[in-house]
Structures are given as structure tokens and as C-alpha cells.
Amino acid sequence: MTDNANPVRYAAEGKIAVICIDNPPVNACSQPVRAGLMDAMQRFADGPEKVAVIYGAGRTFVAGADIKEFGKPPMDPMLPHLVDTVEQQEKPVVCVLHGTALGGGLELALGAHYRVALRGTRVGLPEVTLGILPGAGGTQRLPRLIGLLPAAEIFTSARQVGAEEALELGIVDALSEEEPRVAGLNFAAEILARGDGPRRIRDLPGPKVDAEAVGDLRAKVARANRGQIAHLSALDVAVKGASLPLDEGLAEERKAFMKLMESPQRRALIHAFFAERKVARLPEIEGVEPRAIAHLGVIGGGTMGGGIAVAGLLNGLSVTLIERDTAAADKARDGIGRTLADSVKRGKLTEAKRAELLEKSLTTGDDYAALSEADVIIEAVFESMEVKREVFGKLDKVAKPGAILATNTSYLDVNEIAAATARPADVLGLHFFSPAHVMRLLEIVVADKTAPEVLATGFALARKLKKVPVRAGVCDGFIGNRMLRVYRLAADHMILAGASPYDIDRALVEFGFAMGPYAVADLAGLDIGYMTRQRLRPTKPAEERWGDWPDRLHEMGRLGRKSGRGYYIYDAENPRGRPDPEVEALIAEERTAKGITPRDFPDDEIVARYMAAMINEGARIVDEGIALRPLDVDVVKLFGYGFPRWRGGPMHHADAQGLDTVLATIHDCAKEDAYFWQPAPLLARLAAEGGSFASLNDD
Ligand code: 3HC
Ligand code: NAI
């Protein structure tokens, strides 16, 4: 940065004012940037220069307003005023876009009279992903420039538009191969040569409104963003502005923006934005150099091993996958080939690249010796301590010195697995989620002897695979699955007391989850829960209540989607499942046998109990140090368990509701089952102090 006071540099180069925004890392339009640009505009207006060029230093043009300022008292000059000031200049202003010109960055550029983009630039208005709408003219100027529907499609989807498409749509006037400053100087020289003056979007007529097409888009956006308020608000304000003079449209936009700024959804989404980035920052690996990773070994080529191999291949790693015999290895290779073919179908990969990956980057076989070159070896064999220990026992002989030895276990004790090798310092858990090449979450499980360098390499691998890594300590189920067991049990208890699985799923989908827990169980396979219960049964405390019906469903061969029946029936007419009266009858039978008189559960009670169980276990996990901070718990649930992002994650949701409200639900439920509903000490303490989980997220 130039100096702390002014991150904006002004240089007069002959007739051209060259204005550089230098506010690393992403040139966010913070108050000093806005003030610096206002000064620059004043100097340009007063000075002899004939054209102004605004560009960004470093990797990008302005990536948006400074999100860190949100929720704080607004500071002058405000962004809309700055954009107006740029637009009202009497001499032409050019913006040069590179990197990502997003949100307030694109809005600033729409205030300029001309826009040049470097190849590779992406532009967009992603504000809705933060629970707000473009608040510096984006919903008013972009429709005037390119039409209401194309503009609305961009700001309601938050998609990033590539430079070529931006040129086609008319968002930018020209593309350049030069670096930003030179691109700006060249364009300004052309303007000077032609004698072109300012060209303001505000002078364009309001866009036409095709009511039917807007209605269709509105319905589509509402469907895709169930429960969220920002998307439709942005669309509505754009439609309203179409028939108003620009300044009135801008005033409407500002009003809607300020309203959203105060919404709980905005707070939740901003929390999610920063949590997603902060989660990878661990004091224990700061400055620790990760080991090099180029070659990935995978043991076990079933659901998870195959997915992990695909994730490695798609992100530039060579992969060696070992199965029990050659037939199983061939089957795994076919599976990987099919998954890559899907990527080709979805346009993510070319057929030639797929063939090359399968031929040159993937080795499959049944000989462990082939793992000798692997930098990281991930075991994804059956969930059995015996099998896993046997596999790790073999690795000592084949793995090269310094190779990372990882297990993808869902629940098992990573210390015990590590003890099967002579190099426990190299062992850690890398818990992927299914499908492993799609799901973003990666729990990185640190065992007692895991070396910091090994942990750092786990995080480096996550970055390579474009995952969101969360550090977890060793316990049964780590962060995500340990919590899942508890809130699923809370749901089962509601079923025993009278709710149906379908009531519970509906209430939670209404809350914002993509699917309810019983639909998810069907998708994962009812055998997974069955095996977990079998494993935990010997240590199950006598006071803990379990329903019998989940085991009975399994014994009846109902494995969920894969067998066509689980909690739901899956058939040609109902590929996504329909309720099964036989399941309800089975549950009713159990209630009768246990002497339970069923009662109704309103949706809000279902949600309150389910969330209280989730939050309570999350609090224990933080207190025990299994998760580093509450935000780590939030990120696990957001990225691995379909928790609605616009509610911020369970711990943020707890703060938003008030911890005493959560605690009151727990006390209330404890009247029925004091064993299950014991308040977590951390939750009780914070509630008594009037504290929040957020306070534990601070550095
Ligand atoms: N404000 C403040 N900080 C920001 C920021 C912003 N708009 N965008 C990114 N940052 C910070 C990140 O928090 C991160 O900080 P850290 O290093 O301390 O963790 C750092 O910049 C780098 O960000 P990423 O790790 O995300 O870097 P990438 O290279 O992966 O991605 C990016 C860059 C595509 C620009 C991505 O950061 C991004 O999508 N940013 C948000 C863009 C956005 O939403 N803009 C709209 C803002 S709202 C707005 O403009 C309102 C207006 O309409 C009035
Ligand atoms: P799977 O049954 O689909 O695949 C396991 C594979 O391991 C089989 O193909 C089997 O032939 C192979 N295998 C068994 N012993 C072997 C050995 N000694 N050497 C080489 N290969 C061997 O199981 P899945 O679902 O892929 O699970 C694997 C691991 O991942 C388990 O620990 C599981 O708990 C965990 N996991 C599973 C998730 C899921 O959703 N399925 C999610 C996250 C983790």
C-alpha cells in the first residue's frame, strides 16, 4: 500500500490521470479507498488532465465493498456517493478491470464512462450470497446497460461472468491483453484521439420490463433460494427502478439495502463468509512448512476411496489406488472412469483430459508395494478397527520415509490406528464426505502423536483438493458425526413420543436444510446407522433411550434408496421417495409395546429440540477442545451436513436466538429425559454470563 492514510495513488501522465487503488489483498473498497478516490476525482476535476484511468494494483480490481465494515456505523464518503461522483465527472473516466471485479467493484466501474477488462477477468454482483443486494447502483445501472433480465439473472444468481461474455453483454467495452495500467493508458489514448467525452449510464432510458419473463425468473429464484430474502428483494427493486428516474431508483435500492443490512440472514451469511476462511488459520501450524504433495495413494476403492481418487486426479495429483484383488481394483478403475465421464458431461473436463487422467495419472492394482512413491496415503477400507490396523501395519514396509499416513475412518480411534505403525507422528485422520470429489468439507483429525508438519500437510492437501478443512480432535465421530448421533437421537425420541419421521423431515426442510435426517439416512444407507449402533451397543449407558424400529427396518432388508425402501418408498413415480405407512405402523407398534401415548409435535417444537441437541453437543465439543472454536463447528455443519448457510451454522444460530432460549428448551426437555438433556457446561456458563459463542471465535 502507498501509505496508511491513502491507499489511492494519483499520477498525471501527460493528459491522462492515472489513479491506482492499492489496498491488498483484494482492493476492497474500504473507507480510506473511498476517501482516496473522492480526492482523486476532485483533483482530476480541478486539474489539466483530460481523461482519468482507474485501475487496481496487485491481483485484482476492487473485489467489493469492505465486508469488515458491515454492521459497524457507516463512514463517509459512502460508496453510492462515490459512484455518482465518478459518473458526474465532466471529463471521461475509464475503469480497467482485472482479476475479480465484484459487488461494489463492478458498481464503481458502472459509474465510470468506459470499461476495459483484461482477459481472464470475472465480473459479478455476488451481494445476495452475503444476504444483501447491490447497494451502490448495481440493481439500477446494470439493467439500464444490458437489459433487465440479463442483469437480474446475474445479481440473483451471484454468478461470475467471464470477460468475453461481459463484452458480449455490453458490460465492458473492450478486452485487453496488457497489464492493467498499460491497458488503461492505451484506451485513454484512443479516447483522446477520438475526442470522446463522458458517457453516463444514468442518461440511458430505463429498461423494458417483460412482466411474464420477470414472473418466471421470480419463481425460479424463489425455488432455488428457499427461505432467503435478499434475492427477491434485489429483483423487486430492479423492477421498481425500471420505471423511475435513476436517482429515485437508487433511493429505493438504498432503502432495501439498508433493510437487508439489519437482517439476521445478513449477519449469518457474513459469519459464514469469514468462518470459511478463518477455519484454515491454525496457530499450531503457523510458519510450519508442509511436505510436498504430488502423488496420492488410496487404499480401498469403494464409495469413498473412488471419490478421493477422483478428487486427487481432478486437482493435478497422480493417484495409485490399491484394492484387495485385481478384480476389485478393476472395478474401482471403472467406477473412477464413470465419475470422470460425469465430469465430462457436466462440462468440467474434456474427453481427452479424462482419457489422459485415466491412462497417465491413475494406477490401480492389488500390490501395496506400488504405494512406495506416494507422498500421502489415504486408507478408505471397511470401517473395522481390525482391518484398518492390519492395513496400517503393512504400510511401514512400503511407504517412503516422510509419507503421510491417513485414515478416512468415520468414527474410529485414530490413536489406536496410529499405534499399528512404527511412525505414529506421520498419522492423521482425513475424513472426507460422500461424494468425496464433490463435498467441500474435510475433517482433519489430529491424533496424540501427529507432528505439526503432518497436520500442515493435511491442510495443504485440503487446499490442493479445494476442500474446506476443519481441525478435529480424536473422539467417536469427531465433530460432525458425533453431533449427528446426538441430534438424530433427539429426533428418534420425538418419534417415540409421537412425531412421524415425515413430520420431522418436513419441519427441518422448512427450517432450511436441503433434506431431513430420515431422507438423509435413506440416502446414506440404513446399514451405516445399524453398524454404528452395533458398535456402540456394548458401551451404551443404560439410561440412554434408543428406538428399536431403526434396527427392525434394517433387519427387514430396508437399506434406504439403494434397496428401494427405507423410511420412504422409492419407485418410478416417486424417485425422491414417498412416505411409507408400514414404517409408521412399525413405530406405532413399538409405542404401544412401550406404553407410550403419542402426542403431536408442532414444527417449531421439532426444530427447537433438534437444534438444542445439536448446539448442546457442539458446546461440549468446543469445551473439550475437539473443535478449536465454535466457528469450526459451524463450518462442519455448513459444508458437510446441509445446514442452511443463511442461518450461519448451529453455534451462530444459537447466538442469534439467545443462549438462554436454547438453555430453556434443554431444561424443558429434561423434564422428560434428564439423562439425555444435560446442559453442556459451556452453554450453561455462557448463558449465565450473558455471553455468546461468537466471543470464543475472536483471535
Ligand atoms: N471485504 C473485505 N475483505 C475481503 C473481501 C471484501 N469484500 N473479499 C475478500 N476479503 C479478504 C478475505 O477475507 C481474505 O482475508 P484473509 O486472508 O484475512 O482470510 C482475503 O481477502 C483473501 O480472500 P480469499 O481468501 O477469499 O481469496 P481468493 O483469491 O480465494 O478469492 C475473491 C478472492 C474472489 C475476491 C473472494 O475473496 C470473494 O469472493 N470475496 C467477496 C466478494 C464479494 O462478495 N464482494 C461483494 C461485497 S458486498 C458489496 O460490494 C456491497 C456493495 O454492493 C455496496
Ligand atoms: P466401501 O465398502 O464402499 O469400500 C471399502 C473398500 O475397501 C472395498 O472396495 C473393499 O474391497 C476395500 N478393502 C477392504 N479391505 C481392504 C484391504 N485390506 N486392502 C485394500 N482394499 C480393501 O466403504 P466406504 O463407504 O467407501 O467406506 C470406507 C471408509 O470410509 C470407512 O472407514 C467409512 O467409515 C469411511 N467413510 C465412509 C463414508 C460414506 O459415506 N460411505 C463417509 C466418510 C467416511
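This is a predicted model: local features need pLDDT of at least 70, side-chain atom pairs count only at pLDDT 80 or more; totals for chains, interfaces and linings use all residues.

Let's start with a charge over a ring: Lys-540 lies over the face of Trp-546, at 5.4 Å from the ring centre. That label needs NZ of Lys or CZ of Arg within 6 Å of the ring centre and within 35 degrees of the ring normal.

Residues are numbered from 1 along each chain as its sequence is written, chains are lettered from A and ligands numbered from 1 in the order in which they are written, and side-chain values use heavy atoms, with hydrogens and water left out.

**Aromatic pairs**

- The count comes to 12 aromatic pairs, taking rings of Phe, Tyr and Trp (its six-membered ring) with centres within 6.5 Å; planes under 30 degrees apart are stacked, over 60 edge-to-face and the rest tilted.
- One of them is Phe-433 with Tyr-641, edge-to-face at 5.5 Å centre to centre and 75° between the planes.
- Phe-433 sits in the loop between strand S15 (427-432) and strand S16 (441-446), and Tyr-641 in the loop between helix H25 (630-640) and helix H26 (650-657), so this pair ties together parts that are 208 residues apart in sequence. Helices here (H or I, at least four residues) and strands (E, at least two) are DSSP runs, numbered from the N terminus.
- Tyr-502 belongs to helix H19 (residues 501-511) and Tyr-568 to strand S18 (residues 568-569), so the pair links parts that are 66 residues apart in sequence. Both of these tyrosines are buried.
- Tyr-487, Phe-511, Phe-513, Tyr-610 and Phe-643 make up one aromatic cluster.

**Ligand 1**

- Ligand 1 has 26 residues around it, the closest being Arg-59, Gly-104, Glu-107, Glu-127 and Arg-277; a residue is near if one of its heavy atoms lies within 4 Å.
- Polar side-chain atoms of Arg-59 and Arg-277 each lie 2.7 Å from an oxygen atom of ligand 1.
- A backbone N or O atom of Ile-67 is 2.9 Å from a nitrogen atom of ligand 1.
- Taken alone, ligand 1 exposes 980 Å², and the protein buries 75% of that (Shrake-Rupley areas, 1.4 Å probe).
- H11 gives the largest share of the shell around ligand 1, three residues.

**Ligand 2**

- Ligand 2 has 22 residues around it, with Met-304, Glu-323, Glu-383, Lys-388 and Ser-410 coming nearest.
- A polar backbone atom of Met-304 is 2.8 Å from an oxygen atom of ligand 2, while a polar side-chain atom of Arg-324 lies 3.0 Å from an oxygen atom of the ligand.
- Tyr-368 puts a side-chain N or O atom 2.9 Å from a nitrogen atom of ligand 2.
- On its own, ligand 2 has 830 Å² of accessible area, and the protein covers 81% of it.
- H15 gives the most to the shell around ligand 2, with three residues.

Conventions. A polar contact is a pair of N or O atoms within 3.5 Å; within protein, one must be able to donate a hydrogen and the other to accept it, and residues adjacent in sequence count only if both atoms are side-chain atoms. Buried means under 20% relative accessible area, exposed over 50%, partly exposed in between (1.4 Å probe, protein chains only).
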